[in-house]
Amino acid sequence: MIESAALLTIVLPATAAVLGLAMGGRSRPWAGDWAVVGSLSALVAAVVELVQVLRHGPVTSIGFLGRVELGTFSIGLDLRADQLSATVAVAVAVVALCVQVYSTAYLSGPGTPEAPTRYPAYAATVSLFTAAMMLVIHSGDLVLLLIGWEAMGLASYLLVGHHSERASARAAAMKAFLVTRVGDLGVLFAVVVLLAGAQTTSIAQITQAATDGEIGHGTLLASALLLLGGVAGKSAQFPLHTWLPDAMEGPTPVSALIHAATMVAAGVFLVARMLPLYLAVPGALQVAAVIAAISMVGAALAALAQDDLKRLLAYSTISQVAYMLAGVAVTQAGGVEGIGPGIFHLLSHAAFKALLFLAAGCVIHLVGSTMLADMGGLLRTHRALAVLFGIGLAGLAGVPPLGGFWSKEAVLTAADEAAHAGSWVGWVVLLAGLGTSLLTGLYAGRAWSIVALGPPAGSLEAALVGAPDALPAIGDAETEEPHETLAPGADAALHARHAAPGTHHLPAAMMLPLYLLAIPTLTLGVVLINPPALLSGVHVDLVTGVTGAMLSLAGLGWAMSAPRLGAPDIAIALPDGTRALLLDGFRVDAVQQALIVRPVLALARVVKAADWSVIDAYVRAVPITARTGGNLLRRAQTGLATAYAAWLVLGAVVIAIAGVVLA
Amino acid sequence: MIHLIGPAVLASALAGIGVYGLLARRNAVLVLIGAELLLNAANVLLVTASALPAGGLAAIPDPGEAPGEITDPLLSGQVMAIFVITIAAAEIGVALAIVLLLFRARQTADLTAVEELGEASPTYTENPTGAAEPAGAAQPAGAAQPAGGSS
């Protein structure tokens, strides 16, 4: 039962992807049906798996792709199903389902010639993305995990560059692919190191051997650090985080998928999965904690000054994923229980970040722009949407008693315990985490006051005054007719033509997922009343919890008081230089440009020049030589018989002289 | 045994006259005679060389000494000369036939008047027969065939 469920979570979305591409074809309804049915059935399978795992315990080996014999090694491409994989699978499946349902409305219609929606390909890629993530979280072998890991990289490249008509989308897709690929190389090398040092790639055997101290320290440290590189790439942690804000070029539901369920969660999941390996080499965990602390604070500061709603949310993701990584990195528990806080934050983050992105998609859909400056007054015009957006922001800021509060404070409590156990890493993470709580409150409150409270800006005001109460009632999808002009493609570019006033209905397919995601955002803390073994390490210290909550509430209050003081945007209080610096994300892009991109491009130019002027020169010389030789030889063809005879005599003389000289 | 200098000088003279005739004469028959002279220079050398004793020039005995045995009973030099005469006969037959045809066609045996095979010739063409055909006449017919089939 568990075996079948775990298999189906992978196979069903993959099948949906293939069928959606093969049979979706031009008939849009079919593509949408395949995608939604695929993700819905994957959700059912994941829930069944979770229930069964909770009831009957984990299954450590499920045959999947057989074994690969590589000379002396034998790699078993097997799956495993335990509480970790089943729990994350449910979160992935929920988010994927919400995204698929949402996308049927968000990417409806053929789009415009400049930004065609290409829905069938999109839906199939999302299904593929889901299947790849399911493969990563279920794989019992690092090689199989790497396959899913790379498939995710491919899917993210395709989805980020979905609107490939625009140069910025192509550049963002390329950047996402290359930057995460840098990290992926780490995973690949880690597999090689482990294969050489531990003679196996089975996760169970590696973790067992690491716990028993059977693997050499050098192998462990090298593989742990290399894996950490992959984690930093996929989870968008410093210094490989730069692709994530740029990846906002993709359609908004894709951002929800990447940020909430797949991709960025995969990195944290990998650390959690390989935690016994990391516990054997504390140095690697300390590196992870420091990376997390830097990403946490830096991304929160950068989020504070963003002028684009999606980029703000992207930086918040970097910051929140850093919380997860820190939660795993500061673990003091000797066993697997240590992953509790990090994974719990992963789950709650999946809920509220998907909610936030999908709600942001609705806002962008209404406003026709992703810029914060174009938004405002949502609370007056679309109250339900504004409340849902607010719930997401509250979860992000960690307002008690939302799920985000419990998970974040659990991480801080773990850091607190580590700090009091005498670990400097604990202090670093605790201080960074508390500082980030304040910053998170600030930028969440800033987003709320601009989007929901602030005055309706420009065209939005004109567009919305006529229809202040245009939200559809949830549940009457039949009466809700899809509107022709509500077919967003390239987020900002396409929405810009939403000028028709009084027609801003939001399709039920876009609102339902928001309500669905609001439930776990609000109530995930309930799980802690009777936690499963996976979350048994999660607890919230009273002092830490109160401190963290006070800090984030202070930040929220500070930012939300801004509209009363005149300007909804508290970021204008920052000095201009600081603000520009934060807007650029501390100019990490410029640093990378100078340190990596330019030298690589220069090297490429050198190689190209060498190829052209050295290797190609020989090739280019061949026709020139032949033509010159031909021209010389055709001069000899005079047609005069006497001239030919002269050549003959000349040849005879040359041969005679040669014979005499050489004899 | 006569001295070697005689046949050698004779061969050189024949070869020199032959080369001169080959290169300098314009009349095709005289050019052929030059070629014949060259061949006969070779014949004289071959016959002379076949009279040498085994060991070649170095083995020639001083005057007064008994001449050595001619070691090659097959007289390969003389046989080669017979070959050359035979081939020369065949060659001159073919060549004279060509000259005859040339004269019939052009009413001249002057070699400088026939250079159609050379690029420098005013009447030279890369495609001796193609110029008469209407260029591209077959092309539209071939192109129309698949177009008609698909419609």
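Q: How many of the residues of chain A count as buried?
A: In this predicted model, chain A has 663 residues, and 56% of them count as buried. The chain holds 26 helices and two strands.

Q: How should I read contacts along the sequence, and what share in chain A joins residues at least 24 apart?
A: Take the contacts between residues at least 6 apart in sequence: in chain A, 81% of these join residues at least 24 apart.

Q: Where is confidence lowest in chain A, and where is it highest?
A: Start with the average: chain A has a mean pLDDT of 80, with 89% of its residues at 70 or more. Confidence is lowest in helix 20 (residues 458–465) of chain A, at a mean of 44, while helix 26 of chain A is highest, at 90. The pLDDT is below 50 over residues 459–503 of chain A, a stretch that has 88 contacts in the model beyond near neighbours in sequence.

Q: Which residues have the most contacts inside the largest nonpolar core?
A: The general idea is that in soluble globular proteins, nonpolar side chains tend to be buried together. Here the largest nonpolar core has 225 residues, and Val95(A), Ala326(A), Ala354(A), Leu355(A) and Val363(A) have the most contacts inside it. Helix 15 (residues 340–367) of chain A gives the most to this core, 19 residues.

Q: What does helix 8 of chain A pack against?
A: Helix 8 (residues 217–234) of chain A has 18 residues and reaches 26 Å from first C-alpha to last, close to the 26 Å expected. Its buried residues include Leu220(A), Ala224(A), Leu227(A) and Val231(A). The buried residues of helix 8 pack against helix 6, helix 7, helix 11, helix 12 and helix 13 of chain A. Just after helix 8, Ala236(A) takes a positive phi of about 55 degrees.

Q: How many residues does each chain bring to the contact?
A: The size of an interface is often given as the accessible area lost when the parts come together. Here we can look at residues instead: ten come from chain A and twelve from chain B. On the side of chain A that touches chain B, helix 26 (residues 641–662) of chain A gives the largest share, five residues. By class, that side of chain A has five nonpolar, four polar and one charged residues.

Methods: Residues numbered from 1 in each chain as written. Chains lettered and ligands numbered in written order. Contact = placed C-beta atoms within 7 Å. Helix = DSSP H or I, 4+ residues; strand = E, 2+ residues; numbered from the N terminus. Nonpolar A, V, L, I, M, F, W, Y, C, P; charged D, E, K, R; others polar. Expected span 1.5 Å × (residues − 1). Buried ≥ 20, exposed ≤ 12 C-beta atoms within 10 Å, placed from the backbone. pLDDT = per-residue confidence, 0-100. Core = buried A, V, L, I, M, F, W, Y, C linked by C-beta atoms within 7 Å.
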